[in-house]
Every structure is written in C-alpha cells, then in structure tokens.
Amino acid sequence: MASRREQLSTDLANDDQIILASGGYDHTIRLWQTSSGICQKTLQHSEFQVNALEITPDKKVLASASYQHIYMYDLISGSATPVVNYEGTSKNVTCVGFQENGRWMYSGGEDGRARIWDLRSKSNQCPKSFDTRHGTGTNLSPINCAVLHPNQIELFMGDQNGRIYRWDLRTDHNVQLIPENDVMILGIDISPNSAQMASVNNKGMAYIWNLSSSGSDASTTLEPKNKFQAHSRAVLKCKYSPDSRMLITTSADQTARIWDSQEYNLQRELTQNNQRWVWDAAWSADSQYVFTASSDNFVKLWNVATGDREREYPGHQKAVTALAFKDAII
Amino acid sequence: MSFTHTELSCNVNTNLFSKAAVVVNKQNHPEAKMALYDNKYWLLSHIRNSFISTDDTGMCELVMVGEAKQVRENFFSKESFPDPDESDEEDEDDAGSYDIQMDGDYTMRERSMTAARLEKLEYYSRKAAKMKHIKWESRKNVQDEPDGVEPLDELFVKKDTAKTQPECKIQKKSALSALIEQSSNIPVNPYTGYARFDGAGQINLPTKKYRIYLTMLPEQQRNYPLNICCVAAAKVLDLIGLILLKFSTNYAGDYVLKPAPHYGLYITEEDGEVDSDFPNLDPQECVSKFGFTSLGLVEHEKPCQPITVDSPVQVTSLLDGCKKRTTSSSRAEETKQVQNDMMIMDGHNKAMEAPLYKSYTVFIVNKVWWWNIEVHLGISSEKIEIDPITQKNSKLKLGKQGPVSHPMDSIAWCEETDGRGNKRTFRVVYSNSFGTGSTERTNLYSNSFGLSSPLQSSPSFKHYDFEAERNIAEEIVQKINLILELRSGQSRREYLALKDKKHLSKRKQFKYLRS
C-alpha cells in the first residue's frame with residue numbers, strides 16, 4: 001500500500017507540470033488529472049460560456065475568454081475564482097493567446113477588434129488594438145480566430161467574412177487576403193517551425209500557405225501551398241503539432257482528422273459514435289497524444305500513432321468547447 | 001418611482017374622476033390591468049395603494065399611509081351626496097384597499113425584487129473585490145503621460161525564427177506520454193461516470209450541498225464528513241456514485257468499494273451518527289426531494305435493500321464476518337471487522353454518554369387514575385427528575401403535584417416490564433427512606449409496593465411505571481442501568497440483597513413443600 005501511495009504521489013508530482021483545462025457551455029472550467037480522468041478542480045466561471053482557454057508560457061496562469069471578459073485564474077494558488085478580469089470588449093472574446101515570455105496577451109473579439117494587453121505593467125498602460133474591416137452595415141467584422149507568428153510580432157486573424165489579416169505589431173501595418181468568398185474563417189494556425197500557415201472555414205475547406213521571411217525587418221510573405229476539403233461540414237479548429245509534422249482539424253462532422261504537413265494526406269481519423277461536434281484539440285509536447293473536446297460533454301485523449309482513445313474525462317454537464325493543455329519535454 | 005408621483009397622488013383632484021369610467025393602470029405589473037369603476041373613493045384608494053405597494057423605496061408608503069382618514073374626510077366633504085354606506089365602512093382599515101390588506105407592522109416589509117437584486121449585486125461586488133479589474137483604455141489617453149511607460153518597440157521584439165528551425169532528430173518524450181505509459185496498468189476508476197453530477201463550480205445550475213459521513217472509515221476519521229456538492233437533478237443513486245468517486249480518489253486504493261447500488265444513504269445526526277429509525281433514501285428518487293444535508297453512507301449486504309444498521313441480521317452477519325477473518329482476511333471482511341469495532345465503540349460511547357443529562361417525554365402508568373400522565377423524565381448521573389407536562393386545557397389540575405426529583409443514589413432498580421406493539425413499560429424502583437428530600441412528601445405518581453408487589457416485606461421501596469416508545473424505553477433503561485452500575489449506591493445494594501433474600505425464601509418454601 002505504501003508503494004501505491006508513493007506511486008500516486010509521484011503521479012501527482014508529474015501532474016504538476018501537466019495542465020489540462022477544459023471549459024464550455026456549462027460555464028465551468030475544469031482542471032483534470034490526465035492519468036486517471038478525474039477532475040481535480042472546478043473553477044468558477046462567469047454566467048457565460050467559455051469561448052477559449054490558454055495557459056501562460058510559465059504555466060502559472062490560465063486565461064479564459066468569455067462574453068465581454070477575459071478571466072485569469074492563478075494556477076499556483078489554485079484559487080477557484082479568477083484573480084484578474086480584463087474587460088472592455090463589447091461582445092464575445094473569441095480567442096486569446098500569449099507572447100512567448102508572457103509579456104503581453106492578445107485577444108480577438110466579436111466586436112471586430114484585436115487587442116494587445118500589457119501583462120507586465122499594472123494598469124495596462126500600453127495597449128494596442130486593431131480593427132477589422134466593416135462587415136455588414138457599420139459593424140466591424142467579428143474576429144473568430146487569431147494566432148501569433150513565432151516571430152512574436154505578427155498576429156494573424158480570421159474573421160466572420162472570410163478575411164485573413166496579418167497585423168504587424170511594430171508598424172501597425174496590415175495585409176488582408178480572402179482565400180474564399182462567402183465563408184467564415186473559423187480556425188487559423190501557424191506551424192511552430194514558422195514554415196506554414198493553415199486556415200479552415202465553415203465549408204469544410206482547409207487552406208495552407210508557405211511562409212517565408214527575408215531578413216530581420218522584412219515581414220512574412222504568404223505563398224499558397226495547398227487547399228483541400230478537410231471535412232464535409234464546418235471545420236471548427238486547426239492546430240499544428242509541436243513538431244510541425246501534423247495538422248489536426250476538428251469538425252462539426254463529429255470527427256477530428258490528423259493530416260501530415262507535407263502532402264496533407266489523411267493520417268488518422270479520431271471519431272466515436274455520437275460524439276457530436278468536435279470543438280477543440282490540444283497536442284502533447286511530443287506530438288504523440290492529442291486531446292479533443294466535443295459536444296458529448298467529454299474531453300478525450302487519443303494516441304496519435306494508433307488512433308486509439310486512451311482516456312476520457314467525464315464531468316462536464318454540457319458541450320466542451322475549449323481546451324488548454326501544457327506539458328513539457330522530459 | 002419618483003417623488004413627483006407621490007405628490008401627484010396626494011393632491012388627487014376628485015374632479016379628475018368622471019362618473020363614467022376611469023382606467024386604472026397598475027404599474028409594475030407584467031400585464032397592465034384595466035378596470036372600469038365608477039366609485040371615486042374606491043379608485044382613489046386603489047391608486048394610493050398601488051403606489052404604496054409597488055414603490056420599492058417605501059417613500060410613497062411613508063408619505064401616504066398616515067393620511068388615509070384625512071383624505072377620506074376631505075373627499076366626502078366635497079361630495080354633495082355622500083354614500084352613507086361608504087362613509088361607515090373601513091373605519092378600521094386605514095389603508096383602505098379592497099384587495100390589498102396592510103399589516104399593522106410597516107417595518108416588516110416583504111423583500112422586494114429590488115432588494116434581492118441589490119443583494120445579489122453586492123454579493124458579486126464583494127466577490128469581485130478579490131479580483132483585479134483591468135479596463136481597456138485606448139492608447140491615445142496614455143500617450144499624454146509617458147512616465148514609466150515601456151516603449152512599444154521594447155514590447156514587440158522580433159524573434160529570429162530561423163534559430164528555432166533546427167529540428168531535433170531524436171525522438172523526445174513529453175511528460176504526458178511518460179505519465180500515460182506509466183499509468184496504463186492502473187485500472188480506471190469505475191465511478192468516473194458519476195463525475196457529471198458534481199455540482200462544484202456550477203453557477204447557473206441548481207445544486208445541493210451535503211455533508212457525508214462514511215461509515216466504512218475507522219471511527220476517528222468518521223467524524224470528518226466529506227463535503228459533496230451535487231447537481232439538484234441527480235438521483236440518490238447518482239449522489240452515492242459521486243460520493244464513491246470522491247471517496248475513492250481521496251483514499252485511493254485503501255478501501256475496496258462495491259458498485260453504487262450496494263450502498264445506501266441514511267439520515268444522520270449533526271455529529272454523523274446514522275439515524276437507524278429511518279430507512280435509506282430511495283436510490284431512484286431525485287436528491288432535491290429530500291431536505292437532509294447530513295447523510296451517512298452505509299454499505300448494504302445486498303444491492304438496493306434497505307437494512308437498518310441495528311437489525312439483528314446485520315449484527316450476526318457482522319459477527320460472522322469477524323469470525324471468518326481469522327481464516328481469510330479479504331477486504332470486504334475487513335470492512336465488516338471495522339464496522340464491528342465501530343459497534344463496540346458505539347457501546348463505549350453510550351456508556352460514556354450515560355451520565356450526561358438527557359430528557360425524555362414518557363407517560364406515567366398509574367393505577368390510581370385510569371389515564372396516563374405525560375411527563376418529562378430527566379436523567380443524569382446525579383438524579384432523576386419527573387416533571388409533569390401541564391396541559392393548558394386540561395380540566396384536571398395537577399398543580400398539587402409539582403416536579404419530583406430523586407437522587408441517583410436512591411434509585412435501586414430499573415427494568416422493562418411489559419410491552420405491547422411499539423409501546424414498552426418500564427419500572428424504576430427507588431428507596432423511599434433514602435435521604436430526607438422530596439421523597440418524604442406524599443407522592444401521587446408512585447405506587448408503593450402494595451399487596452401485588454413481590455417485595456412485600458420492604459415498604460421502603462417504591463416504584464414508578466412508565467410507558468414509552470420501544471426505542472426510547474430501551475434507551476432509558478440502558479442509560480439508567482449504566483449509571484447504576486457505575487455508581488452502585490446504597491439503595492441498589494439493599495434492593496439487590498432484598499431480592500436475593502426473597503429468592504432464597506422462595507426456594508425454602510419450595511423445599512418445605514417438597515419435603
């Protein structure tokens with residue numbers, strides 16, 4: 001029994017550097033013990049759903065994008081209530097992310113504005129924002145997704161009207177492109193090796209660009225590489241694996257699919273009967289495992305090599321729409 | 001509601017009301033009610049009351065409530081043909097509404113929606129006080145005051161992505177992969193399916209909080225209940241599953257647990273003692289049906305069969321389990337052993353608690369009167385007190401007989417004597433000659449040992465006969481006997497000696513008869 005306890009305590013120690021958080025329509029954020037599938041902690045969220053989750057690079061803070069607010073939870077103290085509340089977005093905050101040193105945070109919202117929040121200064125003294133082009137009427141076009149280029153100075157965003165924006169944070173210059181008309185860009189990602197960018201839309205299409213940059217001051221240029229029908233229905237998210245060799249797409253067609261980043265052939269299909277919409281995905285640091293969040297109230301862990309479902313994380317009362325995962329290479 | 005409304009209503013001009021029809025629009029009502037009335041005073045009264053009852057600030061009430069009489073007098077003096085019926089009416093009712101009755105106590109206003117909303121806001125602001133709020137400010141405002149502002153170009157530094165390019169060819173392993181491989185043999189917790197009934201952190205969903213006492217734990221740990229928050233829509237069985245999930249994660253591997261239907265939830269006292277008088281909560285019922293917040297989790301012999309803890313079946317099986325343990329020591333029997341130990345501990349606890357004062361409601365069986373008198377029977381290590389419960393409407397005055405108290409040293413014997421149905425009678429024997437106090441007085445309640453008594457030769461002993469519910473009677477008899485055993489006073493020794501003598505003499509008589 002003693003050895004069992006030791007085993008468990010080492011598990012817990014390991015779990016400290018592994019953080020899995022999920023949130024969704026039941027208005028809670030759950031932190032999971034990845035090995036056992038048991039919910040370690042439930043964080044109190046607002047009266048609104050969780051749109052996106054992100055963990056800071058130092059693994060100390062969890063950010064949750066919600067309606068009009070971004071809530072920050074202190075993962076070290078384990079407080080069940082948020083410690084910081086970033087407000088000012090008039091509609092849903094749809095995406096959130098961090099600069100690699102945790103100096104600032106970016107967010108995109110349905111109010112058509114991307115914001116840079118200074119995390120170091122006390123009163124957010126140096127904010128920066130970017131407005132999308134007008135969509136219907138006088139409203140700005142809602143931002144659905146955003147990703148920071150690994151060079152840390154270019155933010156790529158996708159909006160409700162099918163536009164992709166490249167916003168240079170130093171110069172404030174921006175470039176727009178429209179890969180397909182009459183669609184919504186729902187997901188965007190850049191491979192960690194900065195070589196490729198993927199975007200997915202509500203028609204099930206995926207677009208891939210090769211990225212290149214010449215010199216330290218030159219901005220990134222995009223060169224179309226590939227376009228393919230990834231799913232029969234809307235694609236909700238795309239994410240490159242940490243080794244940049246794979247891309248996962250999650251979809252309303254109840255599947256998540258893994259593609260190689262060379263030819264974009266289908267490698268694995270992660271599906272389960274009645275799992276409904278697959279909203280989000282998160283890779284392990286070694287790209288061997290991937291988590292998915294779906295409308296059947298489950299977070300699931302899949303083995304990428306075999307396509308097997310390794311674990312399930314039950315506890316959410318409603319659809320799970322957002323995931324955040326961080327572990328480390330050991 | 002603003003103050004102008006109040007003024008308006010106070011200066012109501014009676015001429016405003018035409019004889020034909022006036023539309024009354026009740027404010028703050030979801031559907032504006034319309035009514036046709038031609039009684040001016042009624043309308044005025046109604047409007048005034050609508051103001052009073054719908055104004056959450058209480059201002060209208062403050063202003064208007066005292067002046068009802070004044071208004072009425074003013075009203076009728078202006079009317080040329082006052083209706084005599086109306087003027088006689090409502091002399092007592094100041095508020096004057098036909099459908100809204102005002103309480104005399106104005107301070108006890110019902111909580112209005114506004115008050116509830118304010119309270120909720122306050123709750124959120126109190127909670128939010130712990131939270132730091134950062135509001136979005138546009139950059140222009142900040143540029144005016146550049147003190148301490150980090151220049152933008154320091155904030156946005158381009159990282160050379162080429163440096164990150166060289167890929168490590170060696171297959172690295174992540175912490176997650178290692179953990180998953182390591183834990184691949186650990187069986188999956190069978191109760192994880194119940195996790196969805198966990199109500200912790202739920203804001204929009206109704207939840208219920210429970211303190212769960214786990215009877216399978218050793219006595220020392222049992223005192224600390226498991227706090228469980230459960231969604232209100234869950235069934236009792238789901239709650240049991242959720243408890244087992246929490247229990248199995250808290251005490252991972254230390255206890256072998258059975259599937260949820262093998263357990264029952266019982267109502268417990270605040271101190272965690274399972275109340276065996278009630279059956280377990282129906283596993284198929286919704287938890288919100290029950291109002292109890294302290295519950296005990298008890299393992300059943302068979303799934304879903306309510307067995308009370310103190311039933312003899314359970315006890316014998318426990319003892320069996322205890323015996324078996326010598327041959328095999330499986331987990332299940334160990335838990336039985338634990339339960340057995342607990343019962344012994346319970347016995348100890350009762351012995352420990354016996355000297356503590358406790359009051360019971362019982363009936364005195366009295367042969368003089370044909371009815372039984374309800375009394376409070378207070379028992380402590382010092383004395384026994386009998387205090388009649390005076391019935392208000394009782395015509396028979398028991399005032400002559402006040403409360404009686406007997407020092408515990410005067411008590412000689414206590415036993416159950418008779419029982420039918422759920423009732424039990426028990427007898428408390430005491431020494432009449434002991435001490436001097438209250439017992440010297442003529443005691444209306446007690447029967448001295450008369451002709452029927454087996455102890456004729458000792459008029460110094462008297463007794464009470466009480467009647468009570470079976471479990472109460474048993475408890476009282478057990479309690480008194482425990483105290484008597486502890487004290488072993490003079491009276492008790494005399495009584496026992498007398499009893500022995502009696503037996504002896506009986507035997508002698510038999511001998512005589514035989515010879």
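This is a predicted model: local features need pLDDT of at least 70, side-chain atom pairs count only at pLDDT 80 or more; totals for chains, interfaces and linings use all residues.

Modeller: We'll go through disulfides and then salt bridges. Residues are numbered from 1 along each chain as its sequence is written, chains are lettered from A and ligands numbered from 1 in the order in which they are written, and side-chain values use heavy atoms, with hydrogens and water left out.

Biologist: Fine. How many disulfides does the structure hold over all chains?

Modeller: The test is a pair of cysteine sulfur atoms within 2.5 Å. Over all chains, the count comes out at 0. Take B:Cys230: the nearest cysteine sulfur belongs to B:Cys229 and sits 7.5 Å away. For B:Cys286, the nearest one is that of B:Cys230, at 8.5 Å.

Biologist: And is B:Cys230 buried or exposed?

Modeller: We call a residue buried under 20% relative accessible area, exposed over 50%, and partly exposed in between, using a 1.4 Å probe and protein chains only. B:Cys230 is buried, at 0%. B:Cys286 has 26%, so that one counts as partly exposed.

Biologist: On to charges. What's the idea behind a salt bridge?

Modeller: Side chains of opposite charge can pair when their charged atoms come close. The cut-off here is a side-chain nitrogen of Lys or Arg within 4 Å of a carboxyl oxygen of Asp or Glu. Over all chains, the structure holds 22 of them.

Biologist: Which residue pairs with A:Glu100?

Modeller: That's B:Lys159, with 2.7 Å from N to O. This pair crosses between chains: A:Glu100 is in the loop between β7 (84-98) and β8 (104-109) of chain A, while B:Lys159 is in the loop between α8 (152-155) and α9 (175-182) of chain B. Those labels come from DSSP runs, helices being H or I with at least four residues and strands E with at least two, numbered from the N terminus. A:Glu100 is partly exposed at 33%, and B:Lys159 is partly exposed at 27%.

Biologist: What about A:Glu154; how far apart are the closest N and O atoms in its salt bridge with A:Arg166?

Modeller: They are 2.6 Å apart. A:Glu154 lies in strand β12 (residues 154-159) and A:Arg166 in strand β13 (residues 164-168), both of chain A, so the pair ties together parts 12 residues apart in sequence. Both A:Glu154 and A:Arg166 are buried.

Biologist: Which residues are linked in a network of salt bridges?

Modeller: A:Asp253, A:Arg257 and A:Glu269.
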